[in-house]
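Open the model in your viewer and keep the selection tool ready. We will go stop by stop.

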Amino acid sequence: MATQRGESVNSVLKEKGQKKKELRGFNLKQLLDHILNQFHRLQSRSLDQICDLIKAKKNWSDYVHEIWNSNFLETTNFPFANEISPGCWEVSQTHDFSCSCHTVTLSDPDVYGIPTCSCPLFKSCLIPCPGICTIFGRISDALFDAKNLHPRWRLSGDPYIQMRYRD
Ligand SMILES: [Zn+2]
């Protein structure tokens with residue numbers, strides 16, 4: 001029996017061409033199916049999470065809120081702010097503005113009218129950075145409002161939701 005099985009495996013291994021190609025194709029197909037299943041499962045889980053957030057009347061995800069809130073808590077490190085032109089502020093850790101790492105535009109016409117900043121942190125994630133949070137603290141305007149968030153992060157602008165409620 002063992003010899004027969006061994007021979008059968010050997011004969012498969014020895015086969016060149018068509019059989020080998022079939023086996024290789026089958027494995028890739030299995031891999032593709034597996035990856036697609038994973039993708040659809042994640043997609044459906046994300047949609048469930050987004051729907052839960054909307055039902056809870058949230059305007060952005062917990063992920064965004066964590067970053068935004070942590071940037072807000074950082075504002076204590078930026079006590080110096082100076083309005084360099086109407087609606088444009090520089091924010092610094094030092095009183096002489098030698099380290100002015102945030103240049104904030106309160107309502108940027110090029111980016112949906114949201115507050116923007118020159119710093120890499122804002123540019124990389126488009127979530128209000130410590131500089132933007134500092135200025136909102138200065139001008140006493142409501143910081144945690146969807147209008148201050150890039151549409152990318154607003155749940156009302158989520159492509160899943162738009163697809164679901166489009167028809
Ligand atoms: Zn910034």
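Start with the cysteines. A search of the whole structure finds 0 disulfides, a disulfide being a pair of cysteine sulfur atoms within 2.5 Å. Before moving on, note that this is a predicted model, where local features need pLDDT of at least 70, side-chain atom pairs count only at pLDDT 80 or more, and totals for chains, interfaces and linings use all residues. Residues are numbered from 1 along each chain as its sequence is written, and side-chain values use heavy atoms, with hydrogens and water left out.

Select C125. C125 is buried, at 13% relative accessible area (buried is under 20%, exposed over 50%, partly exposed in between, with a 1.4 Å probe and protein chains only).

Now select the zinc ion. Its protein donors are H102 (ND1), C117 (SG), C119 (SG) and C129 (SG), at 2.0 to 2.3 Å (donors are N, O and S atoms within 2.8 Å of the metal, or 3.2 Å for Na, K and Ca). The 4 donor atoms subtend angles of 106 to 112°, so the arrangement is tetrahedral (for four donors, all angles between 85 and 135 degrees). Along the chain, the donor spacing reads H-x14-C-x1-C-x9-C.

H102 and C117 are both buried. C129 is buried too, at 0% relative accessibility.

Last stop: L31. This residue is partly exposed, with 47% relative accessibility.

Definitions and conventions: Four donors count as tetrahedral if all angles lie between 85 and 135 degrees; four count as square planar and six as octahedral if opposite donors are over 155 degrees apart and all others between 65 and 115; anything else is irregular.
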